Amino acid sequence: MESGFDFINKLDFSDVDLMAPEKVFEDILAELKRKTSGIIQGKVSVYTGYVKSRFGAFLSSFAKSTSEDLGSKGEENNLFEFYLSTECYQKYKFRVCFFEYGLSRYPVHLIVEDGIADDINLGEGYDNEFTCNTKDDLSKMIFKILNTKRAATVMQELIRINQIYKSNPQHNDNTDAMPF
C-alpha cells in the first residue's frame with residue numbers, strides 16, 4: 001500500500017549545530033574582550049521587560065494569539081539582552097540588541113539598536129529586526145553588528161571611559177559620578 005506522506009523534500013533530518021544562541025554570543029564576546037585587552041566586555045542577560053521594534057512589531061513572546069487553544073502548547077520563549085560595557089565603570093552599558101528564540105533554538109529573532117541597524121542596512125528608515133535561521137547565520141550577524149560604525153563609536157567611548165578611570169584610581173569604586 002502506498003503511503004500518503006510526502007516528507008522527502010519537506011523535512012531535514014540531518015544533524016545541525018544547535019548551540020544555544022546565548023552561548024554563540026558569549027563565545028564571540030569572549031573573543032571581543034581578548035581583542036580589546038579586557039577593556040570592552042559584552043554581556044548577555046535574561047530580559048523580562050517590554051520589547052518593541054522600530055516599526056512597532058513585538059518579539060513573539062509578547063504576542064497573543066486570538067486562538068489561544070490552537071497551535072503550539074508548551075512552547076518556551078527565551079528572551080535576552082546583549083550590551084557592551086567596561087569593567088571599570090559598571091553603571092554604563094550600551095544595549096546593542098534583544099534576541100529571542102524558542103524551544104528548537106533556531107530561528108533566532110533580533111531587534112537591534114537603531115543606529116546599528118541603519119549601518120547594517122546601509123541607510124536610515126529600514127527595519128531593525130533580523131532573523132537568523134542557523135548558528136552560522138547568528139555568528140555572522142553578531143560580527144556584522146560588532147563591526148558597524150555605530151558599534152565602533154560605542155567601543156571607542158568605552159575605551160575612553162576606561163582610560164579616565166585608570167588614570168583616576170579614586171573613581172574605580174564605581175560609586176562616584178564620572179569625572180568629566
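This is a predicted model: local features need pLDDT of at least 70, side-chain atom pairs count only at pLDDT 80 or more; totals for chains, interfaces and linings use all residues.
**Stop 1: Phe25 and Phe82.** Select these two residues and show their side chains. Their rings form a tilted pair, with 5.3 Å from centre to centre and 55 degrees between the planes. Phe25 belongs to helix H1 (residues 21–35) and Phe82 to strand S2 (residues 78–86), so the pair ties together parts that are 57 residues apart in sequence. Are the two residues buried or exposed? Phe25 has a relative accessible area of 0% and is buried; Phe82, also at 0%, counts as buried too.

Stop 2: Across the whole structure, a search finds 7 aromatic pairs.

**Stop 3: Tyr47 and Phe98.** Here the ring centres are 4.6 Å apart and the planes lie at 50 degrees, so this pair is tilted. Tyr47 is in the loop between strand S1 (40–46) and S2, while Phe98 is in strand S3 (residues 89–101), so parts 51 residues apart in sequence are tied together. Tyr47 is buried at 18% relative accessibility, and Phe98 is buried at 12%.

**Stop 4: Lys93 and Tyr83.** Look at the ring of Tyr83: the charged end of Lys93 sits over it, 4.4 Å from the ring centre.

**Stop 5: helices H2 and H4.** Finally, select residues 114–121 (H2) and 149–167 (H4), whose axes come within 7 Å and cross at roughly 135 degrees. The two helices are therefore oblique to each other. Where do they meet? Gly115, Ile116 and Asp119 of H2 meet Lys149, Arg150 and Ala151 of H4. By class, this contact has 2 nonpolar, 1 polar and 3 charged residues.

Technical notes
Residues are numbered from 1 along each chain as its sequence is written. Side-chain values use heavy atoms; hydrogens and water are left out. Axes are lines fitted to C-alpha atoms, for helices over the stretch in contact, and angles run from 0 to 180 degrees between N-to-C directions. Helices (H or I, at least four residues) and strands (E, at least two) are DSSP runs, numbered from the N terminus. Angles under 35 degrees count as roughly parallel, over 145 as roughly antiparallel, 65 to 115 as roughly perpendicular and the rest as oblique. Contact means heavy atoms within 4.5 Å. Ala, Val, Leu, Ile, Met, Phe, Trp, Tyr, Cys and Pro count as nonpolar, Asp, Glu, Lys and Arg as charged, and the others, Gly among them, as polar. Rings of Phe, Tyr and Trp (its six-membered ring) pair if their centres lie within 6.5 Å; planes under 30 degrees apart count as stacked, over 60 as edge-to-face and the rest as tilted. Buried means under 20% relative accessible area, exposed over 50%, partly exposed in between (1.4 Å probe, protein chains only). A charge sits over a ring if NZ of Lys or CZ of Arg is within 6 Å of the ring centre and within 35 degrees of the ring normal.
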